[in-house]
Amino acid sequence: MKRIEGCNCGEGLSRRKLLKAGLSAAAVAIGQSAESFAESQSQRKAQSKQTLRRAGARAIDIHAHYYSKTYLDTIAEDGKRFNAAYRMTDQGFYITTPAGNLGPLPVKMIDLEQRIAEMDETGIAIQAVSLTTPMNYWGDADISLKLARVWNDSASAAHLAYPNRLVAFLSLPMLFPDRAIDELNRAS
């Protein structure tokens, strides 16, 4: 948000507060309380989901991140020379690379059985999984290519394990175009 000198507008205004204010304004405009408006919207949404399920519509999640254990192990082993690490705790897992630190991340991002169970629970028929931060853009050409290969092989294995539930986007070492082309040819 752009700040105007001497103005406190927007200070302390989160996205959640802004959306809540908008919902309240919409409710007042149609003569309902914010609570009853939210409840009626929730009921409409549930009815729409039921209608879609009865019609045989299938939800496809195209923004689902996945880390394979072999990808994380590669970060832990081959990333040492870049001060990269991966570790598992009771709270989840952590990744440290020169591109940044993440965690705790939920184990369901690694465990395919947990992923499929959550998909079933939430009505997702298919997920298109992709790699997310730190990807493979924080090391040299060798580790970037190795991480891309490990990810692509792991994502392919996930698809083969659940061919009707998971598809995957390729990861390429784009900072090294010759290696990116080689990996595209190999993994396609």
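**Close-up views of a predicted model**

View 1. Helix α4 itself spans residues 112-122, and its buried residues are Leu112, Arg115, Ile116 and Met119. When α4 is viewed down its axis, these buried residues fall within an arc of 95°, so they line one face of the helix. An α-helix has 3.6 residues a turn, so residues three or four places apart point the same way. The face of α4 that is turned away from the buried side carries Glu113 and Glu121, both exposed.

**View 2**

**View 3. The open sheet formed by β2, β3 and β4.** The sheet is made of 3 strands in the order β2-β3-β4, and the pairing is antiparallel. Strands β2 (85-89) and β4 stand at the edges with a single partner strand each, so one side of each is left without a neighbour in the sheet. From one strand to the next, the twist averages 10°. Between β2 and β3, which run antiparallel, there are 5 bridges, and here Tyr86 stands opposite Ile95 in β3. Strands β3 (residues 92-97) and β4 (residues 100-105) pair in the antiparallel sense over 4 bridges, with Phe93 standing opposite Leu105 in β4.

View 4. Apart from its neighbours within four places in sequence, Ser144 is in contact with Asn136, Gly139, Pro173 and Phe176.

**View 5. Leu170 in the loop between β6 and α6.** Leu170 lies in the loop that runs between β6 and α6 (177-187), and, at 40% relative accessibility, Leu170 counts as partly exposed. When residues up to four places away in sequence are not counted, Leu170 touches Trp151, Asn152, Leu184, Ala187 and Ser188. One of these residues, Asn152, is 18 residues from Leu170 along the chain, yet the C-alpha atoms of the two are separated by 5.8 Å.

**View 6. The salt bridge between Arg81 and Asp140.** The structure holds 10 salt bridges, and one of them joins the side chains of Arg81 and Asp140 at 2.7 Å, N to O. This pair links distant parts of the chain, 59 residues apart, with Arg81 in the loop between α3 (69-78) and β2, and Asp140 in the loop between β5 and α5. Arg81 is exposed, its relative accessible area being 53%, whereas Asp140, with a relative accessible area of 25%, is partly exposed.

**View 7. The salt bridge between Asp142 and Arg179.** The side chains of Asp142 and Arg179 meet in a salt bridge of 2.7 Å, N to O. Because Asp142 lies in helix α5 and Arg179 in helix α6, the pair ties together parts that are 37 residues apart in sequence. Asp142 counts as partly exposed at 46% relative accessibility, and Arg179, with a relative accessible area of 28%, is also partly exposed.

View 8. A salt bridge of 2.7 Å, N to O, is formed by the side chains of Glu183 and Arg186. At 0% relative accessibility, Glu183 counts as buried, while Arg186 is partly exposed, with a relative accessible area of 35%. Both Glu183 and Arg186 lie in helix α6, 3 residues apart, which is about one turn of the helix. Through salt bridges that share partners, Glu183 and Arg186 are joined with Arg149 and Asp153 into one network.

Conventions
Residues numbered from 1 in each chain as written. Predicted model: local features only at pLDDT ≥ 70, side-chain atom pairs only at ≥ 80, totals over all residues. Heavy atoms only, no water. Buried < 20%, exposed > 50% of the residue type's maximum accessible area, 1.4 Å probe, protein only. Arc of directions from axis to C-beta. Pairing = 2+ DSSP bridges. Axes fitted to C-alpha atoms, helices over the stretch in contact; angles between N-to-C directions. Contact = heavy atoms within 4.5 Å. Salt bridge = Lys/Arg side-chain N within 4 Å of Asp/Glu carboxyl O.
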